[in-house]
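The structure is shown first, and the description follows.

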Amino acid sequence: MTCLPVVNPTKKLGLVIDLDICVGCHACAVNCKEWNTGGHSAPLTDLDPYGADPNGVWFNRIHSFEVVDEDNDSKTVHFPKSCLHCDDAPCVTVCPTGASYKREEDGIVLVDADKCIGCKLCSWACAYGAREYDEDVGIMKKCTLCVDRIYNENLPEASRVPACVSTCPVGARSFGDFNDPKSHVSLLVADRGGFDLMAELDYKPVNKYLPPRPKQNEHSCAANKPKQLTPVATEKAGLFARWADKVLSL
Amino acid sequence: MHPAKSVILFTTASGAGYGMIFLLTLGQLLGILPFNSTLAFSGFGTAFFLIILGLASSTFHLGRPERAWRALSQWRSSWLSREGILAISSFIPAGLYALLIVVGQGSFDGLVIFSGLVSLMLCTATVYCTAMIYASLKPIPAWYNRLVPTSYLVLALSSGALLLSCILHFQGLSDLITDITTIILLLASLVTKFLYWQHIAEHRGRSSVGTATGLGKLGKVRLLEAAHSEANYLMKEMGFRIARKHSQRLRKITFISGFVLPVFLISLVGVLASTTLANLVMILAILMGTTGILTERWLFFAEAKHTVSLYYGAEKL
């Protein structure tokens, strides 16, 4: 059924992505592709993979942006983007077949590969470009929040997180339950001012982004100002140094 | 947005078909058009052909057309599903009405009126649902507005009217009322499209690369490095640019070929003495109208910008 769950899901699983930490290495995207091409929505088809015009399905893409502030000071921000598992997910409600659905138990948005007719309307309804069409199979595919990892009892407990989270070398990605105010992800969002992408559309995305921290430079406020190195006081210097200072100052 | 040929054919052909059924049925119920079996056969025949052509064409857009029947299940939430159900169910009253007219030669009874009225409602509702498939998509400001269903409804009527007018001329059944109705509907389409283009120029949505990344608070944001080197599905489906380059010229083609020339040609037919010449002019009017509405629909898709483009270099919509 493509109506959204009426009851608020007991768990609301999602990701926090720290734009201050991400270095844009694309490891999350690569590990996502690696896991998911054998997972729930397998395969993540690649067409012409070694040819002149390769293209294929990826659930996670890393864009890099430049932000220039009022002082003409620029900052590079690497920006990973995957499905945000919105609370108010229009990709689910527009689906004519019931293939696209949001799970009541944890809020994960999935596609039932046996019901999808490949009409592509869900990808039009998604503001974030989270869904990619698999031309070869003729159906829509999307991030599953690694539903086949996070509950997988065959994996060691530490590995029961989405592939992108487990592989991030700098710890820019966190996974958890946003319904629990004491969870790591909820605390991070509260502490760092986590925000929604395109909040004006009111899709109520579950995934949150943490803003880059302010840069330390000459414009930083007094408390954050880096300590300046001051020259050693000349009167405490030795005889030779004072003589050299005088000669060189002539 | 990528203007898929199958979807352009679907929306224009089925729109004209429903518009024609609506006008033919309404004209007969109001006593303006005769209960004539030749007219009913040719009129409803053409309309059903166009609708079936449109519906069949829409399934070519699907990745898995053999599962198309599944699209009828989610009418509670999905406009596409509602459209599918109404499109199919409108065949029942419209088909029954057409059959009663063709077979019954217009013996005017309750069932004719009832099926005709139900058919009028279902045809309107189907075209409205087609438009709402697009008008319900928030990420595309050019579609997310009330002028989209209005223009779909008005254009369905005017394209249906143009076809019906041609059939009436061929059968010598046209008169001043039918010609003037067609001209009024074509002019109404022209005005609606003008208002629509004015609206989308002024309302481009609040989203920008700043809100899409959430970095707008920190300064001016621009894409520094693309996420991938080759075009992906999103860029092909939502990053279509050719029409935007020529949009002014294409809008002129829509106005002149789609609305102005057909109005002129129908007026011309009124003063022509020769029937053969008049029929040729009507065929020309149909050809012009078809070119115009196909251009209009192509532009409707191609001009619309999706918020995804903000992640691929666009600064605003």
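## Helix packing in chain B

A crossing of two helices is called left-handed if the near helix is turned anticlockwise from the far one by less than a right angle, and right-handed if it is turned clockwise. The model is predicted, and in it the axes of helix H6 (residues 147-170) of chain B and helix H12 (residues 275-302) of chain B come within 9 Å, crossing at roughly 165°. Because angles over 145 degrees count as roughly antiparallel, H6(B) is roughly antiparallel to H12(B). Their crossing, that of H6(B) and H12(B), is left-handed.

On the side of H6(B), the contact is made by B:Leu155, B:Ser159, B:Leu162, B:Leu163, B:Cys166, B:His169 and B:Phe170, while H12(B) contributes B:Ala278, B:Asn279, B:Met282, B:Ala285, B:Ile286, B:Gly289 and B:Ile293. Sorted by class, the contact of H6(B) with H12(B) has ten nonpolar and four polar residues, with no charged residues.

## The open sheet in chain A

Chain A holds an open sheet of three strands, in the order E10-E1-E11 and with mixed pairing. Strand E10 (173-177) and strand E11 (208-210) of chain A are the edge strands, each pairing on one side only, and the twist averages 25° from one strand to the next.

Strand E1 (residues 13-18) of chain A is joined to E10(A) by five bridges, and the two run antiparallel; A:Leu13 has A:Asp177 in E10(A) as its bridge partner.

## A helix across the strands

Helix H6 (residues 184-192) of chain A lies across E1, E10 and E11 of chain A, and runs at about 115° to E10(A).

Note on methods:
Residues are numbered from 1 along each chain as its sequence is written. Chains are lettered from A and ligands numbered from 1 in the order in which they are written. This is a predicted model: local features need pLDDT of at least 70, side-chain atom pairs count only at pLDDT 80 or more; totals for chains, interfaces and linings use all residues. Axes are lines fitted to C-alpha atoms, for helices over the stretch in contact, and angles run from 0 to 180 degrees between N-to-C directions. Helices (H or I, at least four residues) and strands (E, at least two) are DSSP runs, numbered from the N terminus. Angles under 35 degrees count as roughly parallel, over 145 as roughly antiparallel, 65 to 115 as roughly perpendicular and the rest as oblique. Two residues are in contact if their C-beta atoms, placed from the backbone, lie within 7 Å. Ala, Val, Leu, Ile, Met, Phe, Trp, Tyr, Cys and Pro count as nonpolar, Asp, Glu, Lys and Arg as charged, and the others, Gly among them, as polar. Two strands pair if DSSP finds at least two bridges between them.
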